[in-house]
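I set down what I looked up, in the order in which I looked.

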Amino acid sequence: MHSQTLRVKEISYPITDIEKGNFSDSLSPNENNALKFCHEWLNGKEDFILQTSGSTGTPKKISVTRNQLKASAALSTSYLGLKKESTALVCLDTKYVAGIMMLVRSLEVGMNMYVVEPSANPFDTLPEDVCIDFIALVPYQVQAILTSKHKQKLSRTKVVLIGGADLSNSLRENLKSMQGSFYATYGMTETLSHIALQKLNGSDTTNHFNLLPGIYIQADNRGCLVIHAPHLNAEPIVTNDLVEIIDANRFLILGRIDSIINSGGVKIIPEKIERILETILSDLRINNRFFIAGLLDASLGEAVTLIIEGEPIASELEIEIIQHLKSRLDRFEVPKTIRYVAQFLQTETGKVNKLKTLDLIQRF
């Protein structure tokens, strides 16, 4: 008979012990959050408070019910074909929805769990002989694993979810040869993790998101995505994500309306420029992180600006970047200036906090 377990460090806890509260009190905050959540879940707690990450606005807390969490877990576990007695690696912060939903899916399906500290390469802390069936990662973790000795272990993982930030073109290329099923996710705290998935490898690779069964979408008068998720028993969720709806089940995310730059009366989507820039910088072997933003400008209102992390690059490379952009963009979309920041500010979940980084730039 299968006995579900949750392992933290070198200690393996039977689920029955967690249900009774029999676990060590000498744990890290993340480990303690995970075991405390599982204890509450196993004892039938009905209401939970979730924290948003604050990557696109002010962090806030939202209240959700047990039934909503169960419904969200059921939707994805069924779609992904997750099985009892398989093994999940929980390596995202269990204070936030992505980590919490890994716990809920595992508890509901009956998967064994390894809970490790969030780090660039979570496989580093696992015993060599452990095989993982299910994992959720953010892009910087995927990148770290792919450049480590654990690349094949990731490749053999049966289901891999990647979310929290956009995937670079180079990362997408590297994932095409993976053996397991790799998906980019679309979702947020309010939708209790993902409501759509994009296959990143195999014969069914796509460049769009596919909705999970039972989810409905539309675009509002701003061109932003509105999500109808009956399983959450909630009002329609209005996002700030600019969307191209392909059909009832498929859509593309174009960018965010709150990041649109109004330069001399022309509305510019920075994400469009970033996608083109990524290829240009990669070809020039420039690996610095970057983003496009509108900085205050006396004549234009906002000037399209390329923000690069790290030390300034050579002026001839700057000129080459701009020349490449001029050949591929409308003249209004080409950055007027390039600014540098020694280190981007980040949220607790590892996403670039563009608002705070820009505030840093404009203060000096």
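This is a predicted model: local features need pLDDT of at least 70, side-chain atom pairs count only at pLDDT 80 or more; totals for chains, interfaces and linings use all residues.

Entry 1. On the α2 side I found F37, E40 and W41, which meet R66, L69 and K70 of α3. Sorted by class, this contact has three nonpolar and three charged residues, and no polar ones. I then looked up the geometry: the axes of α2 and helix α3 (residues 66-80) come within 12 Å and cross at roughly 105°. Angles from 65 to 115 degrees count as roughly perpendicular, and α2 and α3 are therefore roughly perpendicular to each other.

Entry 2. I next followed α3 to helix α4 (residues 97-109). How far apart are the axes of α3 and α4, and at what angle do the helices pack? I noted axes 9 Å apart and an angle of about 75°. This pair is therefore also described as roughly perpendicular. From α3, the residues L69, K70, S72, A73, S76 and T77 take part, and they meet M101, V104, R105, E108 and V109 of α4. I recorded five nonpolar, three polar and three charged residues in the contact of α3 with α4. I also noted that L69 and K70 of α3 are listed in the contact with α2 and in the contact with α4.

Entry 3. I turned to the second largest pocket, for which I noted a volume of about 360 Å³. Its lining has 14 residues, and those closest to the pocket centre are K36, F37, E40, I49 and I100. Which elements give two or more residues to this lining? I found α2 (29-42) and β3 (47-51). The largest share, five residues, comes from β3. By class, the lining of this pocket divides into five nonpolar, three polar and six charged residues. I marked F37 and E40, which line the pocket and also belong to the α2 side of the contact with α3.

Entry 4. Last, I looked up helix α8 (residues 270-283) and helix α9 (residues 315-328). Their axes come within 10 Å and cross at roughly 135°. The pair α8 and α9 is therefore oblique. I recorded the crossing of α8 and α9 as right-handed. Which residues of α8 meet α9? I listed I276, L277, T279, I280 and L281 in α8, and their partners I321, H324, L325 and R328 in α9. The contact of α8 with α9 has six nonpolar residues, two polar ones and one charged one.

Conventions:
Residues are numbered from 1 along each chain as its sequence is written. Side-chain values use heavy atoms; hydrogens and water are left out. Axes are lines fitted to C-alpha atoms, for helices over the stretch in contact, and angles run from 0 to 180 degrees between N-to-C directions. Helices (H or I, at least four residues) and strands (E, at least two) are DSSP runs, numbered from the N terminus. Angles under 35 degrees count as roughly parallel, over 145 as roughly antiparallel, 65 to 115 as roughly perpendicular and the rest as oblique. A crossing is left-handed if the near helix is turned anticlockwise from the far one by less than a right angle, and right-handed if clockwise. Contact means heavy atoms within 4.5 Å. Ala, Val, Leu, Ile, Met, Phe, Trp, Tyr, Cys and Pro count as nonpolar, Asp, Glu, Lys and Arg as charged, and the others, Gly among them, as polar. On a 1 Å grid over the protein atoms alone, a cavity is a set of points where a 1.4 Å probe fits but cannot get out, and a pocket is an open set with protein on both sides within 12 Å along at least five of seven lines; lining residues have an atom within 4 Å of a point. Grid points are joined across faces, edges and corners, and a volume is the space filled by probe spheres set on the points.
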